[in-house]
Amino acid sequence: MNPRMLVDSDFKNVTMGEQTWRYTDSGEGRPVILFHGFPDTPQSYETIAHALNEAGYRTILPYLRGYHRDTLVPGRPYDALTLAEDVVGLLDALELESAVLVGHDWGATLVWGAAALAPERVDAIVPIAIAHPKTLKPKNALETLGLFVMARHFIYFQLPWAEAGTRRRDFAYVEQLYRRWAPAWTGPERDDALARAKRSFSDPGVLAGAIDYYRAMSAKLDRRLLAPIRCPGLMVAGGKDFGGHLGPYQKSKALLQGGAELVVMPEAGHWPHREDEALFTSSLIRFLGSLPGKASSDP
């Protein structure tokens, strides 16, 4: 049976210090936290979370900080180290000793960072569509071109008028990104994801927060985020994403000391977990079943 569509009332808040997280929490068993990316919302994981619940896992779907009005904290930056600290803060707020972390796009950046920053709190990671940040420098002209074509929005969001430009014509730029990053993804699920992103960004504070992720980017990673990643990982990539160059994922395998696996959806773009959701879900459940240690969130 398919789950009903998540609505705002299905989400709840938890606050620790100045930070509030907004999330859904369902199922029982080992906790799996699924972080969305840009431009997206946590509802995109709904059917995946439902399948994980049926397989015996607890799922937590949070809004990235800045993607919901309740999560905004004036003055708190969006650099990679602070984003990794957000993950640890959520674990603390939910009183979780550890969890499996799944993340797409910016969510993948969060889980890479958290695994380096607090290895004792991370059972495993599942980065989607983003390899380890230290592997993302292109090694030749072809990779440079592919990266520029897919990632020129990084330059766009540095511009002072990026927020106004993104709002123009009912967020036409966001729709353009969906077409550019996943041209073969069509259908109601894709259209619903796009519509949710537009509704989220209609709040000026949320749009500013989402863009500030890009404005806070730095070519130099904090050394704490370069620490060894001790846990196992399942990396997920679209075969058509970033020009089809999988080299960074192959390099990332060596950085996962707990073992690494790469699953590629050959025809998918930047949303491989949505474009081939059946393969992603079955791969994730198999990977979770292979993990050692406790399979419950009970203390």
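## Core, cavity and loops of a predicted model

Biologist: How many residues does the largest nonpolar core have, and which residues have the most contacts inside it?
Modeller: A nonpolar core here is a set of buried Ala, Val, Leu, Ile, Met, Phe, Trp, Tyr and Cys residues joined through side-chain atoms within 4.5 Å. Buried means under 20% relative accessible area with a 1.4 Å probe and protein chains only, exposed means over 50%, and partly exposed is in between. The largest core has 88 residues, and those with the most contacts inside it are Phe38, Leu101, Ile125 and Phe201.

Biologist: Which helix gives the largest share of this core?
Modeller: Helices are DSSP runs of H or I with at least four residues and strands are runs of E with at least two, numbered from the N terminus. In soluble globular proteins, nonpolar side chains tend to be buried together. In this core, the largest share is eight residues, and they come from helix α3 (residues 106-117).

Biologist: Good to know! What pLDDT do local features need?
Modeller: Residues are numbered from 1 along each chain as its sequence is written, and side-chain values use heavy atoms, with hydrogens and water left out. This is a predicted model, in which totals for chains, interfaces and linings use all residues and side-chain atom pairs count only at pLDDT 80 or more, while local features need pLDDT of at least 70.

Biologist: Back to the core: which residues does Leu101 touch, leaving out those up to four places away in sequence?
Modeller: Leu101 is among the core residues with the most contacts. Contact means heavy atoms within 4.5 Å. With residues up to four places away in sequence not counted, Leu101 touches Ile33, Phe35, Val87, Val111, Ala114, Val122, Ala124, Ile125 and Val126.

Biologist: How much space lies in the largest cavity?
Modeller: A cavity is a set of points, on a 1 Å grid over the protein atoms alone, where a 1.4 Å probe fits but cannot get out. Grid points are joined across faces, edges and corners, and the volume is the space filled by probe spheres set on the points. Searching the whole structure gives one cavity of 30 Å³ or more. The space in the largest cavity is about 70 Å³.

Biologist: In β4, what is the bridge partner of Thr24?
Modeller: Strand β2 (residues 19-26) is mostly covered, with six of its eight residues buried. Its pairing with β4 (residues 57-62) is antiparallel, over four bridges. There, the bridge partner of Thr24 is Leu61.

Biologist: Is the peptide bond from Phe38 to Pro39 cis or trans?
Modeller: Pro39 lies in the loop between β3 (30-35) and α1 (46-54). With omega near -10 degrees, the bond from Phe38 to Pro39 is cis.

Biologist: Is Asp105 buried or exposed?
Modeller: Asp105 is in the loop between β5 (99-104) and α3. Although not a glycine, Asp105 has a positive phi of about 60 degrees. Because its relative accessibility is 8%, Asp105 counts as buried.

Biologist: And what separates the C-alpha atoms of Gly258 and Pro232?
Modeller: Gly258 is in the loop between α9 (247-253) and β8 (260-265), and its 38% relative accessibility is why Gly258 counts as partly exposed. Leaving aside neighbours within four places in sequence, Gly258 is in contact with Ile229, Arg230, Cys231 and Pro232. Although 26 residues apart along the chain, Gly258 and Pro232 have C-alpha atoms separated by 4.0 Å.

Technical notes
1 Å grid on protein atoms, 1.4 Å probe; cavity = no way out; pocket = protein on both sides within 12 Å on 5 of 7 lines; lining within 4 Å. Pairing = 2+ DSSP bridges.
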